[in-house]
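Here is a friendly tour of one structure, taken a region at a time.

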Amino acid sequence: MFHLFSSTYRITERAQLPRNMIENSMFEEEPDVVDLAKEPRLHPLEPDEVEYEPHSSRLLVRGLGEHDLEDDEEDYESSARLLGMSFMNRSSNHRNNLAGGYNRETSGGSCSTSARTIIVGAFVFVIILSVAMVAYFLPKCTFTKEGCHKKNTTLTPIFPMTADGKVFPWAKMRLPNAVVPVRYVLVLHPNLTTLTFTGSVEIHLEVKENTDSIILHSSGLHYTEATLAPEVGGQPMAVKVLEYIPRAQIAIKVTPNLLKGQKYNLNLNYAANLSNTYYGFYNSSYKDKDQNKRLLAATQFEPFAARTAFPCFDEPAFKATFRIKIIREQSQVALSNMQKNATVEKNGGLFEDEFCESVKMSTYLVAFIVAELTHVTSSSKSGTVVSVHAVPHKMEQIHYALEAAVKLLDFYESYFNISYPLKKLDLVGIPDFQAGAMENWGLITFRESLLLYSYNYSSIMDKQMITMVIAHELAHQWFGNLVTMEWWNDLWLNEGFATFMEFLSLEKIYPELQVADRFLQRRFLAMDKDSLNSSHPLSTPVETAEQIEEMFDTVSYDKGASILLMLKDFLSEDTFQQGIMRYLMDHKFGSAKNEDLWNSIAKIKDHDLDVKEMMKTWTLQTGFPLVTVKLDKAAKKIYISQERFLKTVMPQDPASSTNSSSLWHIPLTYITSSCSNYKDSNCIKKWLLKEKTGTIDFTEPDVTWVKFNLNTSGYYVVYYENCSEELIQLLQKNHTVLSDHDRASLINNAFGLVSLGRIPLGEALHLTKYLKNEVCTAPVTEALGQFNYIYNLVQRRGLLDLAGRMKKNVFDLFGKLIDKQTWSDNGSFSERQLRSTLLSAACNYDYNECIQNATLLFNNWTKLQSTDFLPTDLISTVFMIGSRTSEGWDFSLKVYTHLQLDSEKHKILMALANTENVKQLVWLLQNSLSNNIIKAHELPYILDIASKNVVGYLHTWDFVKEKWDPLVKKFHLGSSALQKIITETTQFSTKMHLLEVQTFFDSLKDQGSQLQSVQESLELIHLNIQWMDRNLNNLKTWL
C-alpha cells in the first residue's frame, strides 16, 4: 500500500485577523502555569480524573497573558480550570468518583484518647495480623478471580461469552492453526441501489490438529445458512455460527472432533451492508461529465477488512486460492484479481462474471470492483496483459499510466529474474479512495490523482509522483504478494522493500525524473520520527487492530527502504541483487520473517560479513545512531563513537537514554581532504563500527577535514566534535567539493544537533551562510524546511518582528536565486523542481515580485477560464496567491466543483485549504466531513494544509476535538489518515497547549489515548517548547 507521509512545507505570513480573534489572541502566548519543561516525562493525568470539553478552552487558552499565573502556585487540575477545561469523565459514573472529600473535626482541648478507641484499634490490629498469618502459611499460590492456583500449574483459560450468552471456544486474538484454509469459492452480489450485498462462500479446509471447533474471522455479516461436510463421501451437516464481536471472530463447534489429516468443506450464506467508510467492501459515488451521480463498489482489505466482505482466515500467513464470482447489472463492469473466465446471464437482467482460480495468496490481497469503467490495454514483453481503468470521462488521462506500468513490469521481471505469475494486471483509478494505492494481486487500486496524468496540464512533479506510486505497487507484486510477511510485525518486509524498489527502478529506467532528491527527503522524514521515544523498531510485536494499523508509518516504509539502501551500498549492488533474488525464490507463494531475508542474503555475500547480526541491530531496536567524529591531525587518527540519536529522554524508560546499551553495526563511509573525488573508488573509505568506540588510522598527509556518510546513504547522523568549522569553511570556499546530498545532510544534521542540544543554534545558522552560492535542489529544499520550522514557531508565539527578520534572512540567502527564476516550464527536472520550490517559498513569504506575477497569472486565469497558458509547475503557487482574496477563493471553489482533471483539482484544494478566512475554512472542513462537494477522503489533507497557517492551526485543532467521534468512525483508530490528522493539527509550542492536548486525549480512554500517534504528538509539542526555551534568545541575537 502506498501512503503519503511527507508534509509539504507551508510558509505563510501573519493573517489579517478577524476582530474577535485579535481580541482573544491567535498566538501561542506562554503563560507561567505549570513548568512541564522541567519534567522530562510527559505526565498524564490520572486515568479517571478529567474529561475535556473542546469548546471551552479556546478563548482562555488564547487570551491568557504571560504573567497571569505563578508556577509554584498551580497544579495540573487548577491549571486546567483556568484553561476553561471541564473536569468530568466521559462516563457520568466517573463524575461521582471525584466527589467524596471529608471534613476532619477535632475536640478542641481534649488530648486524651478514649478506652473505646483503644479497644477498636486493638481489634482491627488482631484481624490484620490473623489475615497476614493465614496468607503466609497457605501453600504458595497465585490468586485470580477464580481463587488460589498453586504455582507451576496451568491455569484453565477463561473463554469469552458471545452476545447471546454462549461460551466462545477461543480466547486469543490470533487464530489457531488447527484448521487451515486451502481454497475459497466466493459468490457476491452487490446492490448499488440498496447499498447492500449478499454472499456465499465455500471454504475448503484441512485439519492440522485434532479439534472440536473451527475458528475464523467475520465482521458485520449476517448468516442465513451454515453447513459442514467432509470433502469426500459425506452429507452436509447444519452447523451453528457463534460470533464473538469484539475480536471479529466466529466459531463452528463440531461433534465428533475433526481429526488431523481430514478435509472438509464449510459453506456459509450471508448478507451485509456495503461499508460507508473507505475500508472493506464499500460503496462510492462520483459525478460524470454531465454532473450526474454515479455509484460503484470497491474493496480495500489491507490490513484486516476482508472479514467484512466474506468469512475467512484473515491473517497474512493463511494463504489459499480463490475462485470468485460477481453478480452485476448489464451496464456495470466487474473486475477481480484474475482474468475473467466466463459470463453467464441470470434472471432479472443480471450477469454473473466468473474469474479464473487465483494463485495462493493472503486474504488482504483479494479485491473486486463493480462500476462503470473504461480502459486501455497493452502487453509486457512476457505477454502479460496490462490494462488501466478509469471512469469514462477521464479516459484521456490514463495513457501515461499504461506506458509506465508496462515499462516497470518488464524491469522487475528482469531484475528479480522471476516472471510475474498472473496472466493480467489491472490498474484502476477509484474516485473515492483513502490510501494512495493498494497492491491487490492483479488488481491494483489507486487514488485518481496518483494514477491519472494529463500530458497538457499535469506538472513534471505530478509525473514523478505517479510513476513512483506505480513503481511501488508493482514492486509489491513480488515483495508482499509473491512473498508475504508472516505477521504484521514484519510489515517493513513488504513496505520497506516496495519503497526501496520504487526509487531503484526509477533511477534505472526513468533517470530524467531524478528521484534521488525525493528519496533523500524521505530518509530525513524517517529520521525525524525515529529520533523520538514514541518510535518503534522495524520489526516489533503487534496484536491489536490499532497497533497493526499504526505500523503503516514512515518507519516501516522509509526507514525500511533506507537500511536497504545502506546495505546495498555497503555490500555492492550485485551482491544485494543476488541476495534478494534468493530470498524471493526461497519463499515464493509463502510467508517470511525478518531473519529469512538476512539468511538469504548471507548465502550470497562474497566477503566476511555477518549480515544477519549486522541487520538485526537495525531492525530489532528503536532509533538510529549518532556517530561522533573527532579528528586528531597530528596522530593521524579519527576517533569515532556511537550513541542513540534521541531528541527527548524519558527517565522511566532506560532504553530511551542516549547512554543506553543500544549499539548498531554501522557501515561507515568517508572521504578526507587529501582524496575527495567521489568518482575515485580509492578515495571512498569504508569502516564497520560494531563497538561503542573505534579508532581509524589514516596515512594521507595534511588531512584538514573528513566527511562521513557519503551521499547520505547511511541511516545515521554525524557530529563533528572538533572539525565542523573546517567543513563550514569548505562550504564557503568551494561547496561543490561535496555532493549536493552531502551538503543537504550537513544542514539537516546541524539543525538536528541543535534540537539535541549538542551544538548552539548559531553554529547551524553560520553553516547556512554558504547558501548564497547554492543552486541545487536538495540543500535549498532542506534549508527552507529548517527555516520554515523556526519561522512557524516564532510566528505562532506572536513574535512578528522576529518572524520578519527570519523572512529577511531567507531573502538574503536566496534572493538572487529567486530573481533568476522564470515563470515557465523550461529546463531539466531538477531545474523545474528548484523553480517551483523557490517561487512557492517566495510567494508565501510575500516577496513582492513573486506576489505580483502570481496575481497577474491568476487574474488572467479568471478572465480566460483556462489554464492553458499557466506554467504547470507553478499552478499551485498561482492558485495559492489568487485564492487569498474572497473573490479568488470563490472562483477557485467554483472551478473545483466542475473540474475533471484530478491533478489540477488537488492543487486548487491546496489553495482553498490555505485560506486565512475562518468562515471559508469552517465551511471547507464541514463540507469534506459530510462527503459533499469535497470528498471525505480529502479531509486529512485539508487539515494538514490548513494547520500550517497562523489562522488555521488553532481552528483545525478545535475541529478535531469537536468532531473526534465522526472522524474515528470515518477513518478508524490507528489508520494512516488519523495518524496524520493527530500529528499535523497539534503542532504547538506552549505548555498550555501541551496540557490541553494531553487532557483531551486522556479523556478519550480507549478511543484514542492509547495511540502511538498521540504519544508522538505530545512528544513533538514538548520538543517545540524545549527548542524555544533553548534557542529563542540565541535566535534574536543571531538575526
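## A buried histidine

Please keep in mind throughout that the model is a predicted one. His472 sits in helix α7, which covers residues 460–476.

What does His472 touch, once residues up to four places away in sequence are set aside? Its contacts are Met1, Phe2, Glu495, Ala498, Thr499, Glu502 and Tyr557. Ser505 can also be located from here: His472 and Ser505 are 33 residues apart in sequence, and their C-alpha atoms are 9.2 Å apart in space.

## Two helices side by side

Next, turn to helix α11 (residues 554–571) and helix α13 (residues 594–602). These two pack at an angle of about 10 degrees, and their axes are 14 Å apart. That angle makes α11 roughly parallel to α13, because angles under 35 degrees count as roughly parallel. The crossing of α11 past α13 is right-handed.

Which residues meet where these helices pack? From α11 come Leu564, Leu567 and Leu571, and they meet Leu597, Trp598 and Ile601 of α13.

## Salt bridges across the chain

How many salt bridges does a search of the whole structure find? The search finds 46. One of them joins Glu354 to Arg323, with the closest N and O atoms 2.7 Å apart. This pair links distant parts of the chain, as Glu354 lies in strand β16 (residues 350–355) and Arg323 in strand β13 (residues 321–329), 31 residues apart. Both residues also belong to a network of salt bridges that links Arg183, Arg323, Glu354 and Glu357.

Another salt bridge is formed by Lys508 and Glu573, where the closest N and O atoms are 2.9 Å apart. Here too distant parts of the chain are linked: Lys508 is in helix α8 (residues 492–509), Glu573 is in helix α12 (residues 573–587), and 65 residues separate them. Lys508 has 42% relative accessibility and so counts as partly exposed. Glu573 is partly exposed as well, with a relative accessible area of 26%.

## An enclosed helix and its salt bridge

Is helix α27 enclosed by the rest of the structure or open? Of its 11 residues (952–962), 10 are buried, so α27 is largely enclosed by the rest of the structure. The buried residues are Gly952, Tyr953, Leu954, His955, Thr956, Trp957, Asp958, Phe959, Val960 and Lys961.

Lys961 forms a salt bridge with Glu996, and the closest N and O atoms are 2.6 Å apart. Lys961 belongs to α27 and Glu996 to helix α30 (residues 991–1003), so the pair ties together parts that are 35 residues apart in sequence. Lys961 and Glu996 are both buried.

## A four-stranded mixed sheet

In what order do the strands of the open sheet of 4 strands run? The order is β29-β26-β25-β31, and the pairing is mixed. At the edges are β29 (693–697) and β31 (717–720), each pairing on one side only. From one strand to the next, the twist averages 25 degrees.

Strand β25 (residues 625–632) runs antiparallel to strand β26 (residues 637–644), and 8 bridges join the two. Within this pairing, Thr628 has Ser641 in β26 as its bridge partner. With β31, β25 pairs in the parallel sense over 4 bridges, and the bridge partner of Leu626 there is Val717. In β31, Val717 and Tyr719 point one way while Val718 and Tyr720 point the other way, and all are buried.

## A three-stranded antiparallel sheet

Another open sheet has 3 strands in the order β28-β27-β30, with antiparallel pairing. Its edges are β28 (685–689) and β30 (706–708); each has a single partner strand, so one side of each is left without a neighbour in the sheet. Direction ignored, neighbouring strands of this sheet are turned by 30 degrees against each other on average.

Strand β27 (residues 666–672) pairs with β30 in the antiparallel sense over 3 bridges. Across that pairing, Ile671 stands opposite Lys707 in β30.

Definitions and conventions
Residues numbered from 1 in each chain as written. Predicted model: local features only at pLDDT ≥ 70, side-chain atom pairs only at ≥ 80, totals over all residues. Heavy atoms only, no water. Buried < 20%, exposed > 50% of the residue type's maximum accessible area, 1.4 Å probe, protein only. Pairing = 2+ DSSP bridges. Axes fitted to C-alpha atoms, helices over the stretch in contact; angles between N-to-C directions. Salt bridge = Lys/Arg side-chain N within 4 Å of Asp/Glu carboxyl O. Parallel < 35°, antiparallel > 145°, perpendicular 65-115°, else oblique. Left-handed = near helix turned anticlockwise from the far one by under 90°. Contact = heavy atoms within 4.5 Å.
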